[in-house]
Amino acid sequence: MSLNRVSSLETFAILQVPTDQRSRRSSDASARARKLSFNPIPQEWDAPTLDSVHAVGAFEVRKWKRVLQVVATVIYCLFAAGIVFGFAAIKPVLIDEGAYRETCAAPDDPKAVKKCQDIKLNTMFTVAAVATNVAALPIGAILDHYGPRVCCLMGSVFLAIGALLMAFENKVPFDGLFFGYLFLALGGPFTYISSFQLSNAFPRNSGLILALLTGAFDASSALFLVYRKIYESSNGAFGHRKFFLGYLIVPVIIIILQFILMPAQSYKTVGELVEEIEEPLRDPQPYDQIDEHTALLQEEERQHHAEVVEGVQKVLGTTKADKQAKREEKKNEISGVWGVMHQFSALDQIKSPWFILICLFTVIQMTRINYFVATVDTQYEALLDEEKSVELNHFFDVALPLGGIISIPFIGTVLDRTSTVTVLSVLVTCATIIGVLGIIPEMWAAYANICLFTLYRPFYYTAVSDYSAKVFGFRTFGTVYGTIICFSGLLNLAQPGLVYLFHYTFHDNPLPVNIMLLSAGLVIGTALVTFVAVKAKHIKRQMLEQEAEAATSTSFLNPRWD
């Protein structure tokens, strides 16, 4: 699952909106981006709906309730958001309990059976990981049209179905493990993505809330690690059936919370709140046309507007919109490529090299990431030995959620204070180092590889969403970013083929596959960095020329007579 870095402080860039298409609340001077839509389908493709859920201002909900909403969401995301990515921890348990053993040929050959189980379980994880990414497409539309409550309720149902299928996988006439893990994968993003809007419950602390949610997503992969420890301490008595039956309490609690605590509507973004207080009152009617009823209505409108202004100022603090805009503008200038494709349609953006290169790079890196998560144990068993492989796998189970949590405070700082070219260069460099470490048959290299990988994974996913927002803009963010993740996820279906090459074609030698992925990532990554660097240099030169022309024009219009 990608870690979307979506700020609640949406862009203050001016959009050219036709006058007849502006809402009543939009001023003539500007039409700010109303909100960050998660819908991957452009608005002009959406059929109008009468039951669409409207956003609510944070000042309309009591503070204690908003605090409880954030706390509850972080807690249930810990148990639901990304549990399928703890696959490396639960895989040994499933193998030990005989998963797919009966369906494998040559049951008398333990080595062949284990290899068969490994391939089938890796396929199960691959499809689940693909589903997690592809699910972003319908989730965005559901969230925009029906609100976070409906979205989260659907996720809870998927989690419950997945847990039941995992628990009774040998009682159903189909592959219960495969479909159970698939439903668990679908339930995660439905609960996680629907929680993003809570960052607007406290606009002044939106970054902290997003960091907590992201940390909960990363830490949720440790759930299977905790279970495996319990399984091992019970000598196998606490099997996966008991665990998943007990896990049913999680979706039940989430459903209850949706009705007694969580909001049915998304909270309004900062831009919407600012628009609300900037909305001018209607011009008063002429004195001779005012009766008692009209005067009462005008007074009620003035009082309501005053209450709205007071409420918005409470949640926003004393910081003015122009100061927020200046901070955002500074970040955009540091990027070097901000806004380069904002004025283009989603289709033109998707056809551009800006999209094609980042999409290809995402395909390669997402495949490498999920392939490593699925095969970390078997790769190091081949490179080193079985005992060291088990030791490294246990270390990886702890490092994966921990690395995501540790990296959270630094990711935003790096992305906001460095140029896009620098960020992409760091991504390519780290990916190359990880690839090199992955082919060195030494324990120090293995530990270094796992440590760097667990820090790189959240940074990579966040950087891709940050690149999409800066280059393509929030107006088409859902469409463009959703397409990148969906397309990359679908191509991850080739991962079982890589596992087959590893086990059979190359006879359990992980080096050829790793070298192929390393080479492909280096070539595509270098092309991406080179393209963006050239374009950034060209953009900077154009800006300097425009500033020089502006300075010349100013000097001509205002000559100095010495």
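Aspartate 348 is partly exposed, with a relative accessible area of 35%, where partly exposed lies between buried (under 20% relative accessible area) and exposed (over 50%), computed with a 1.4 Å probe on protein chains only. Its side chain meets that of lysine 351 in a salt bridge with an N to O distance of 3.8 Å, the term denoting a side-chain nitrogen of Lys or Arg within 4 Å of a carboxyl oxygen of Asp or Glu. Lysine 351 itself is exposed, at 54%. Salt bridges with shared partners also join Lys91, Asp118 and Asp377 into one network.

The model is predicted, so that local features require pLDDT of at least 70 and side-chain atom pairs pLDDT 80 or more, whereas totals for chains, interfaces and linings use all residues. Residues are numbered from 1 along each chain as its sequence is written, and side-chain values use heavy atoms, leaving out hydrogens and water.

The chain holds 20 helices and 0 strands, these being DSSP runs numbered from the N terminus (helices H or I, at least four residues; strands E, at least two). Of its 562 residues, 52% count as buried, and the count of salt bridges comes to 8.

In one of these salt bridges, lysine 91 pairs with aspartate 377, the closest N and O atoms being 3.5 Å apart; the pair links helix α2 (residues 87–96) to helix α14 (residues 353–383) across 286 residues. Lysine 91 is buried at 1% relative accessibility, and aspartate 377 is likewise buried at 15%. Helix α14 also carries glutamate 381, whose partner, lysine 114, lies in helix α3 (residues 110–134), 267 residues apart.
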